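Subject: Structure handover and notes

Dear colleague,

Below is the structure I promised to pass on, followed by notes on what was found in it. Please read the notes with the model open beside them.

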Amino acid sequence: MAKNLVVLTGAGISAESGLATFRGNGGLWHQHRVEDVATPEAFARNPELVHTFYNMRRQQLKEAHPNAAHHALARLAAAWRGDFLLVTQNVDDLHERALASCPPCAEENKPEGRFRLLHMHGELKKARCGACEEVFAWEENLSTAHLCPACRLAGHMRPHIVWFGEMPLEMARIYAALRACDVFVSIGTSGNVYPAAGFVHEASGHGAHCVELNMERSLGASLFHEGRYGAATQRVPEWVEEMLRVA
């Protein structure tokens, strides 16, 4: 019987909430060059453009709401008796909002196991100071005029986002969980962005059963033991109901 669970989510789980994916038709990279808005060099070259891009995304997020897939994972987090790590590549807060609507998900209310949510690519509703590296909750527009609340320097505040060329967050904790899990599930990911695309190798190499839930087969689909394809709002609740029967 499975005890430890790791779930990876990507842009596909939030697409049905109205948030644009990056690589799909009409995705964000079709509208903006990566080199212009999502690298440290872009921020150094044109911080105003980068701030405008993420300010627009932050405003868009205010209009989005968790969908059935987010809520299904929140129910699973509440019921799962073993360790449960939810790793998201998404920088939105839709998982948090779904979890908040399911109070038993709070760790202190769980009699067994542990639940963790990690944003490996950062969070849109946070800002970071490039000078002192402090991270702050931030829901409004951000600009070069803002002072860091900690060190009081101007011009160093940036979105708390992992850009291309930067190391994703919490990797040691993620790999430790992958090595210890019984089930690894990848939801709504393209399978071509590393290191996340390699998580299935790590989990399966340590004996985990690996499942892909996606709109279509990812580039790494053959590495999973099973795959279920279709809209996240259909496939994720179906899978969660199966898991709840054995939780």
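Helices and strands in these notes are DSSP runs, numbered from the N terminus, where a helix is a run of H or I of at least four residues and a strand is a run of E of at least two. The model is a predicted one, so called local features need pLDDT of at least 70 and side-chain atom pairs count only at pLDDT 80 or more, while totals for chains, interfaces and linings use all residues. Residues are numbered from 1 along each chain as its sequence is written, and side-chain values use heavy atoms, with hydrogens and water left out.

Two strands are taken as paired if DSSP finds at least two bridges between them. On that basis, six strands form an open sheet with parallel pairing, in the order S3-S2-S1-S7-S8-S9. Its edge strands are S3 and strand S9 (226–229), each of which pairs on one side only, and the twist from one strand to the next averages 15°. Angles here run from 0 to 180 degrees between N-to-C directions, with axes being lines fitted to C-alpha atoms, for helices over the stretch in contact.

Contact means heavy atoms within 4.5 Å. Helix H6 (residues 68–79) packs on this sheet, touching S1, S2, S3 and strand S7 (183–187), and its direction makes about 155° with that of S2. Helix H10 (residues 232–244) lies across S1, S7, S8 and S9, and runs at about 135° to S9.

A residue is called buried under 20% relative accessible area, exposed over 50%, and partly exposed in between, using a 1.4 Å probe and protein chains only. Five of the five residues of S7 are buried, so the strand is largely enclosed by the rest of the structure. In a regular strand the side chains alternate between the two faces of the sheet. In S7 both faces are covered, with Val183, Val185 and Ile187 buried on one side and Phe184 and Ser186 buried on the other. Five bridges join S7 to S1 in parallel, and within that pairing Val7 has Val185 as its bridge partner. S7 also pairs with S8 in the parallel sense over five bridges, where Ser186 stands opposite Glu212.

Strand S8 (residues 209–214) in turn pairs with S9 over four bridges, again in the parallel sense, and Asn214 has Tyr229 as its bridge partner in S9. Leu213 also belongs to S8, and it counts as buried at 2% relative accessibility. Leaving aside residues up to four places away in sequence, Leu213 touches Val185, Ser186, Ile187, Gly188, Arg228, Arg235, Val236 and Trp239.

The three-stranded sheet

Three strands form an open antiparallel sheet in the order S5-S4-S6. Strand S5 (135–137) and strand S6 (157–161) stand at its edges with a single partner strand each, so one side of each is left without a neighbour in the sheet. Neighbouring strands here are turned by 45° against each other on average, direction ignored. Strand S4 (residues 122–129) and S5 pair over three bridges in the antiparallel sense, with Arg128 opposite Val135. Helix H5 (residues 47–62) lies across S4 and S6, running at about 55° to S6.

The second largest pocket

A pocket is an open set of points on a 1 Å grid over the protein atoms alone, where a 1.4 Å probe fits and protein lies on both sides within 12 Å along at least five of seven lines; lining residues have an atom within 4 Å of a point. The second largest pocket is lined by 14 residues, with Asp83, Leu85, Arg114, Arg173 and Ala177 lying nearest its centre. Strand S1 (5–9), strand S2 (84–88), strand S3 (115–119) and helix H8 (171–180) each supply at least two residues of that lining, and the largest share, four residues, comes from H8.

Backbone details to check

The peptide bond from Tyr194 to Pro195 is cis, with omega near 15°, and Pro195 sits in the loop between S7 and helix H9 (199–205). Glu133, in the loop between S4 and S5, has a positive phi of about 70° although it is not a glycine. Arg152, in the loop between S5 and S6, likewise has a positive phi, near 70°.

Best regards
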